[in-house]
Amino acid sequence: MWKLATKSSRFLPLLLQLPKHDASLSQRFTTGFPFHSPFQETGGISPKQVATVITFVLGGPGSGKGTQCAKIVETFGYKHLSAGDLLRREMSSDSKYGSMILNTIKEGKIVPSEVTVKLILREMKSSDNRKFLIDGFPRSEENRIAFEQIIGAEPRFVLFFDCPEEEMVKRVLSRNEGRVDDNIDTMRNRLKVFEALNLPVIDYYAKKGKLYRINAVGTADEIFKQVRPVFEACELEAK
Ligand SMILES: Nc1ncnc2c1ncn2[C@@H]1O[C@H](COP(=O)(O)OP(=O)(O)O)[C@@H](O)[C@H]1O
Ligand SMILES: Nc1ccn([C@@H]2O[C@H](COP(=O)(O)OP(=O)(O)O)[C@@H](O)[C@H]2O)c(=O)n1
Ligand SMILES: [Mg+2]
């Protein structure tokens, strides 16, 4: 179903398809938060916060999100926030959530949204960058709704790296970063969790016209050729 949102990689259609500047986003940073706004804590808004651009990067485990995010950062100057990296960092600190995060990651399940959103929020607040690439989040409808409620913002657009399962398994099993979840048993669970919890989020953004589906098979450079025009169009549209 989400495949319906596949966008052409041709430049002009992309320009037309990109959502216009989200005026409601700026408004939400200034007034009328239905929920507690993190930015209100800082005592008023700065120009940086008004113009915040959020992009979510989704895809199954091993689909190449992190690899492509590094290229996007290098080319377009976004701040990369990997939800998985933030959770792993929290796990290795003295955090009271450490053992809960470790067990959840080992099982390939999803950490409660409140914890993950808090970590993302902390990074957003401490960054001078106004363009955020949020990788591996939202991984469930619960994640998505918590982000909207706590941060009070929506993504400008969402990338989805669409990769066959056998390719994802192959990549994860040869990732070699010493991760506790890069093994076949956890991977099987992660694929089930991806299908059950993440696909509905992908479908949600497809229906909103915010999803850009990227074919994640090929070399990293070939894949970036599909990614680049999406961001180029966004940069032009922001001018
Ligand atoms: N296009 C690609 N083709 C083959 N291997 C890739 C490709 N992109 C990334 N990889 C490798 O696959 C593994 C998973 O990639 P990664 O970027 O960590 O994916 P994700 O963040 O989606 O789990 C890494 O070892 C990475 O080097
Ligand atoms: N939004 C998120 C992101 C990651 N996680 C946890 O962290 C694990 C690793 O996430 P990751 O994004 O680093 O994984 P990859 O898709 O990069 O392989 C997930 O399997 C979840 O257990 C989470 O609970 N909630
Ligand atoms: Mg990753």
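Predicted model: local features only at pLDDT ≥ 70, side-chain atom pairs only at ≥ 80, totals over all residues.
Residues are numbered from 1 along each chain as its sequence is written, and chains are lettered from A and ligands numbered from 1 in the order in which they are written. Local features need pLDDT of at least 70 and side-chain atom pairs count only at pLDDT 80 or more, while totals for chains, interfaces and linings use all residues; side-chain values use heavy atoms, with hydrogens and water left out.

**Exercise 1. Find how many helices and strands the chain has, and what share of its residues is buried.**

Step 1. Helices (H or I, at least four residues) and strands (E, at least two) are DSSP runs, numbered from the N terminus, and the protein chain has 11 helices and five strands.

Step 2. A residue is buried under 20% relative accessible area, exposed over 50% and partly exposed in between (1.4 Å probe, protein chains only); of the 239 residues, 49% count as buried.

**Exercise 2. Decide how the rings of phenylalanine 157 and phenylalanine 231 are arranged, and where in the chain the two residues lie.**

Step 1. Rings of Phe, Tyr and Trp (its six-membered ring) pair if their centres lie within 6.5 Å, and planes under 30 degrees apart count as stacked, over 60 as edge-to-face and the rest as tilted. By this rule, there are nine aromatic pairs.

Step 2. Since the ring centres of phenylalanine 157 and phenylalanine 231 are 5.2 Å apart and the planes stand at 70 degrees, the pair is edge-to-face.

Step 3. Phenylalanine 157 belongs to strand 4 (residues 157-162) and phenylalanine 231 to helix 11 (residues 220-238), so the pair ties together parts that are 74 residues apart in sequence. Both phenylalanine 157 and phenylalanine 231 are buried.

**Exercise 3. Work out how helix 8 and helix 10 are oriented, and which residues make their contact.**

Step 1. Axes are lines fitted to C-alpha atoms, for helices over the stretch in contact, and angles run from 0 to 180 degrees between N-to-C directions. Helix 8 (residues 141-151) and helix 10 (residues 184-207) pack at about 55 degrees, with their axes 8 Å apart.

Step 2. Angles under 35 degrees count as roughly parallel, over 145 as roughly antiparallel, 65 to 115 as roughly perpendicular and the rest as oblique, and helix 8 and helix 10 are therefore oblique to each other.

Step 3. Contact means heavy atoms within 4.5 Å; Glu141, Arg144 and Glu148 of helix 8 meet Leu197, Pro200, Val201, Tyr204 and Tyr205 of helix 10.

**Exercise 4. Describe the backbone at proline 138 and at asparagine 176.**

Step 1. A cis peptide bond, with omega about 0 degrees, joins phenylalanine 137 and proline 138, and proline 138 is in the loop between strand 3 (131-135) and helix 8.

Step 2. Asparagine 176 has a positive phi of about 65 degrees although it is not a glycine; asparagine 176 lies in the loop between helix 9 (165-173) and helix 10.
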